[in-house]
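These are my notebook entries on one structure. I set down what I looked up, in the order in which I looked.

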Amino acid sequence: MSSDLAARLREGTKHSHTMAENTAFMKCFLKGIVEKEPFRKLIANLYFVYSTLEAELLRHSSHPMIGLTYFPELNRKTNLEKDLTFYYGEDWRHQIVALEAGKAYVARIQELANTEPVLLIAHAYVRYMGDLSGGQSLKKIVRSAMNLPPDQGTGLHEFEQLPTIEAIRAFKAKYRDALNSLPVDDTLATKIVDEANYAFELNRNVVHELEPDVKAAIGEHVFDLITRQDKPGSTERSPGNTSVELIAAD
Ligand code: HEM
């Protein structure tokens, strides 16, 4: 029996995805503008988010549905610690601060973990599938924009256990199969899609809060030029058929 949850998630979050790609922060990013200060703040906030998400997924890993979609090889916390050491130095723990939007994101994950843990699946989907998709192109942009030494500063998007594009593609197919194997009824599927849309919103709020930092770094004029036009989103097309031009950036 397939719940078709993977397709429902992709279809049901298309609009949110397009909005995420069209945030001012991401528009600058896609133009190769990656400023160190806002970028390291993003990494810091994602560290708070992933630490919470991964601890809660582990705590609930024997939950019948969470267990089926629990893949510890996706965990980002250790890689983010390496990134934070790189961007802030050894005492990063004393320097990083949660943004208001970062706190709200963490609070939502904690709330669900204590009330309706099955909805954590939506949060895992939004972050991990994103990291395995557009994240792979963003990694290349970060590396060239900041002229990074090899293997430093891009741990967020390095999956040591999925070292090639083919391995990532195969894993994403496995992840979608796992989503489809969940015994969810229509009501629960709708709730998971709604929560995924909310997870996109929480992500957008984090990058919105970083916009003043980007503006300060590149100047209001350039910021306005880069951010005034919207583009169609990457998940408006069919799965797997989307990353062509992005991967061609290799
Ligand atoms: C400029 C930024 C982004 C670009 C260029 C981008 C690009 C892409 C592409 C090309 C895909 C399709 C991959 C495939 O079908 O195999 C994709 C999928 C996805 N992205 Fe993004 N993305 C961006 C930002 C984000 C953000 C900020 C999030 C969430 C935090 C996100 C979450 C996802 C998810 C969950 C999928 C999987 C959709 C599915 O179910 O197939 N993306 N992205």
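**Basis.** I am working with a predicted model, in which local features need pLDDT of at least 70 and side-chain atom pairs count only at pLDDT 80 or more, while totals for chains, interfaces and linings use all residues. Residues are numbered from 1 along each chain as its sequence is written, and side-chain values use heavy atoms, with hydrogens and water left out.

**Overall form.** I looked up the secondary structure and found 14 helices and zero strands. Helices (H or I, at least four residues) and strands (E, at least two) are DSSP runs, numbered from the N terminus. For size, I noted a C-alpha box of roughly 55 × 40 × 30 Å along the principal axes. The radius of gyration is 18 Å, which agrees with the value near 18 Å for a compact globule of 250 residues. That radius is taken over C-alpha atoms, and the globule rule is 2.2 Å times the number of residues to the power 0.38.

Of the 250 residues, 51% count as buried. Buried means under 20% relative accessible area, exposed over 50%, and partly exposed in between (1.4 Å probe, protein chains only). I then looked up contacts (heavy atoms within 4.5 Å). Among those between residues at least 6 apart in sequence, 85% join residues at least 24 apart. I recorded 29 positive and 35 negative side chains, the centres of the two sets lying 3 Å apart. Lys and Arg count as positive and Asp and Glu as negative, with His and the chain ends not counted; each charge is placed at NZ of Lys, CZ of Arg, CG of Asp or CD of Glu.

**Helix H4.** Tyr 50 lies in helix H4 and is buried, because its relative accessible area is 0%. Beyond four places in sequence, Tyr 50 touches Arg 76, Leu 80, Arg 127, Tyr 128, Asp 131 and Leu 156. The contacts of Leu 57 outside its four-place neighbourhood are Ile 66, Tyr 70, Leu 120, Ala 124 and Tyr 128.

**Helix H8.** I found Arg 108 in helix H8, residues 100–115. Is Arg 108 buried or exposed? Arg 108 counts as buried, since its relative accessibility is 18%. Its side chain makes a polar contact of 3.0 Å with the side chain of Glu 111. A polar contact is a pair of N or O atoms within 3.5 Å; within protein, one must be able to donate a hydrogen and the other to accept it, and residues adjacent in sequence count only if both atoms are side-chain atoms.

**Positive phi.** Asn 147, not a glycine, has a phi near 50 degrees. Asn 147 lies in the loop between helices H10 and H11 and is exposed at 67%.
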